[in-house]
Amino acid sequence: MKSSGRGEVLGNIARTEKLNMAVTLLVLWCVLCSHVAYAASGIKPQDIPDALAKKGQNLSAFKAVMDVSAVHDNGKSRNDIRGFLLYRRPSDFRFQGTMPGGNPLFELVISGTAFEMFVPTDRKVLKGNRKCFVEKFPDIAEMRELIPLALSQWKGVRLKEVVSNDREKIVVKLDFSGTTWNATLTSDRLLVTKLVRVGAKGPELVADFGSFPSDEFGWIPRQFRVHSPAGDWTTTVTVRKLEINPFVVEKNFQLELPFSPKVEQCK
């Protein structure tokens with residue numbers, strides 16, 4: 001009986017030592033995991049804005065051919081178009097929208113704070129300032145405002161706090177042009193996969209990005225979905241063709257019309 005009791009005690013001690021060892025290994029693993037986000041990207045979260053600004057500094061312009069699907073009024077209205085986009089830092093923007101059959105719908109040029117939109121079917125040009133454009137075309141305006149953040153052009157972005165940081169993702173709160181954003185990035189490549197603009201009543205705009213290739217400009221998303229809870233619209237974009245840093249001149253951001261259309265001021 002004594003021998004059996006001693007064996008039981010030794011067995012308990014062995015099991016306890018194994019349990020302690022397992023707990024120790026688990027703790028070490030958790031400590032290691034907590035540092036993976038730093039080690040994988042080689043950067044601390046507070047340095048993310050500067051790192052992304054540096055990553056995006058070599059992108060001066062791009063051309064893109066896109067499939068765009070916009071849904072409004074809780075799914076009651078939907079438009080599918082082919083889009084041709086030309087963008088130049090920091091804010092020059094030209095977008096041509098055509099129907100699936102190729103017929104032109106509109107052509108939009110934004111340079112600085114002014115815009116011009118040509119509508120062939122109406123044979124007119126709508127002109128105005130940024131404020132009027134945002135009121136008339138909120139979904140296009142929101143998409144344009146997202147471009148600098150989506151392209152890692154984070155100069156002027158200020159980190160407010162680190163929301164979370166684990167092996168797979170880093171979530172940070174940002175201040176950008178006076179607005180607050182939550183940005184989700186992958187821990188390894190610092191790819192921006194989600195942007196949420198946060199207002200006093202909660203999320204105002206939600207953008208999800210995906211389809212990142214592994215080339216030199218692989219941090220540029222080839223797919224994204226933007227949703228406005230308040231505006232009740234969702235726009236989904238798939239980039240079919242992308243040209244980085246094409247040669248562009250001022251003429252590229254001016255409307256060239258084959259006739260003299262009616263000009264209407266946006267108000």
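First, my conventions: helices (H or I, at least four residues) and strands (E, at least two) are DSSP runs, numbered from the N terminus. This is a predicted model, where local features need pLDDT of at least 70, side-chain atom pairs count only at pLDDT 80 or more, and totals for chains, interfaces and linings use all residues. Residues are numbered from 1 along each chain as its sequence is written, and side-chain values use heavy atoms, with hydrogens and water left out.

**Overview**

I looked up the secondary structure and got four helices and 14 strands. I then turned to contacts, meaning heavy atoms within 4.5 Å. Among those with a separation of 6 or more, 47% join residues 24 or more positions apart. The accessible surface comes to about 15,500 Å², and 54% of that belongs to carbon and sulfur atoms (Shrake-Rupley method, 1.4 Å probe; for residues, only the protein chains shown count as cover).

**Core**

For a nonpolar core I take buried Ala, Val, Leu, Ile, Met, Phe, Trp, Tyr and Cys residues joined through side-chain atoms within 4.5 Å. The largest one has 59 residues, and Leu108, Phe133, Trp154 and Leu195 have the most contacts inside it. Helix α4 (residues 138-150) brings the largest share of this core, seven residues. A second, separate core has eight residues, including Ala61, Leu86, Val248 and Phe253. I also checked Leu108: leaving aside neighbours within four places in sequence, its contacts include Phe93, Phe95, Phe133 and Ile140.

**Pockets**

My grid has 1 Å spacing over the protein atoms alone; a cavity is a set of points where a 1.4 Å probe fits but cannot get out, a pocket is an open set with protein on both sides within 12 Å along at least five of seven lines, and lining residues have an atom within 4 Å of a point. Points are joined across faces, edges and corners, and a volume is the space filled by probe spheres set on them.

The largest pocket holds about 730 Å³. Its lining has 32 residues, with Val68, Phe95, Ile140, Met143 and Thr235 nearest the centre. Helix α4 gives the most to that lining, seven residues. By class I count 25 nonpolar, three polar and four charged (Ala, Val, Leu, Ile, Met, Phe, Trp, Tyr, Cys and Pro are nonpolar, Asp, Glu, Lys and Arg charged, and the others, Gly among them, polar).

Is Thr235 buried or exposed? Thr235 lies in strand β13 and is buried, with a relative accessible area of 5%. Beyond its neighbours within four places in sequence, Thr235 is in contact with residues including Val68, Asp139, Met143 and Phe224.

The second largest pocket has a volume of about 310 Å³. Of its 15 lining residues, Pro90, Ser91, Glu145, Pro148 and Phe176 lie nearest the centre. Helix α4 turns up here too, with four residues, the largest share of the lining. The classes are six nonpolar, four polar and five charged.

**Cavity**

How many cavities of 30 Å³ or more are there? I found one, and the largest cavity has a volume of about 40 Å³. Its lining is Ile110, Thr113, Ala114, Phe115, Arg130, Phe133 and Arg144.

Notes:
Buried means under 20% relative accessible area, exposed over 50%, partly exposed in between (1.4 Å probe, protein chains only).
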